[in-house]
Amino acid sequence: MPNSKATTGRSTFALLLCALGCMLGSQALAHGVAPEDQSFLQNASGLHLLPFMYLGAKHMVTGYDHLLFLFGVIFFLYRLKEVAAYVTLFAIGHSVTLLVGVLGGLKVDPYLIDAIIGFSVVYKALDNLGALQTWFGVQPNTKAAVLIFGFFHGLGLATKLQDFSLSPEGLVPNMLAFNVGVEIGQVLALSAILIVMTYWRAAPSFTRYAAAANVLLMAAGFVLVGYQLTGYFVGEAPIS
């Protein structure tokens, strides 16, 4: 009779593969904004705290670039205290540049910033595989890296929001509400990821497939980088 834990582990790994495929197969997510949300953002004037909070949560839950990076960050974190510490650093970085970018008008090239976000996924996968230590003989500070890449992730979203003529009336509280929504969405998304990871870690297949999962994660990051660099050099990116 097949080992139930092994079967569960293989099923969980297959689920992760399917989720990765769905993420890469969609061109409407990442830092893109859905058409109906674009219309709302362009016409919203005054206080709209709950709608902006909802859009922030929706962005995080559907933003596969964030989810891939966070998946890599928590891949080998077993204690909730450690998960909370790393996620908090990411949230701080993401929040700072999101607010500074939108409220302070900090502008960067959206293709290049999204390419860096894709590279953050590659970096984290290489870190998980121990490649950085093997290749360069040094281990970068993992917490500092998460914070720094958090800055880039927040700036990536800011560049998209800057494309809309957001009304200055109520902009500050609306952006604060949006940021709160982002953090709520992050908690929801991470909770789902942690549930899946907990089941998978309990199975023997985790040890066998952990490296393969990170190789796939790295490949996904390279795909994201390629899309955005194509957009930068050609003038139109496949992923908005």
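Guide: A salt bridge here is a side-chain nitrogen of Lys or Arg within 4 Å of a carboxyl oxygen of Asp or Glu. Before we look for some, note that this is a predicted model, where local features need pLDDT of at least 70 and side-chain atom pairs count only at pLDDT 80 or more, while totals for chains, interfaces and linings use all residues. Residues are numbered from 1 along each chain as its sequence is written, and side-chain values use heavy atoms, with hydrogens and water left out.

Visitor: Thanks! What does the secondary structure of the chain come to?

Guide: Helices and strands are DSSP runs numbered from the N terminus, with at least four residues (H or I) for a helix and at least two (E) for a strand. The chain comes to 10 helices and 0 strands.

Visitor: How many salt bridges does the structure hold?

Guide: Side chains of opposite charge can pair when their charged atoms come close. The structure holds 3 salt bridges. One of them joins Asp127 and Lys124, with the closest N and O atoms 2.8 Å apart. Asp127 and Lys124 are 3 residues apart in helix α6, so about one helical turn separates them.

Visitor: Is Asp127 buried or exposed?

Guide: Buried means under 20% relative accessible area, exposed means over 50%, and partly exposed lies in between (1.4 Å probe, protein chains only). Asp127 is buried because its relative accessible area is 10%, and Lys124 counts as buried at 6%.

Visitor: Which residue forms a salt bridge with Lys160?

Guide: That is Asp114, and the closest N and O atoms are 3.0 Å apart. This pair links distant parts of the chain, as Lys160 sits in helix α8 (residues 142–161) and Asp114 in helix α6 (residues 110–129), 46 residues apart. Lys160 counts as buried at 9% relative accessibility, and Asp114 does so at 7%.

Visitor: And where does Asp37 lie?

Guide: Asp37 is in helix α2 (residues 35–43). The side chains of Asp37 and Lys58 meet in a salt bridge at 2.9 Å, N to O. Here too distant parts of the chain are linked, since Lys58 belongs to helix α3 (residues 49–62), 21 residues from Asp37. Lys58 counts as partly exposed at 23% relative accessibility, whereas Asp37 counts as buried at 10%. A contact means heavy atoms within 4.5 Å. Leaving aside neighbours within four places in sequence, Asp37 is in contact with Leu55 and Lys58.

Visitor: What covers the buried residues of α3?

Guide: The cover includes α2, α4 (64–74), α5 (80–104), α8 and α9 (171–201). The buried residues in α3 are Phe52, Leu55, Gly56, Ala57, His59 and Met60.

Visitor: How should I read the crossing of α9 and helix α10?

Guide: Two packed helices are described by the angle between their axes and the distance between the axes. Axes are lines fitted to C-alpha atoms, for helices over the stretch in contact, and angles run from 0 to 180 degrees between N-to-C directions. The axes of α9 and helix α10 (residues 205–234) come within 9 Å and cross at roughly 125°. That makes α9 oblique to α10; angles under 35 degrees count as roughly parallel, over 145 as roughly antiparallel, 65 to 115 as roughly perpendicular and the rest as oblique. Met197, Trp200 and Arg201 of α9 make the contact with Ser205, Phe206, Tyr209, Ala210 and Ala213 of α10.
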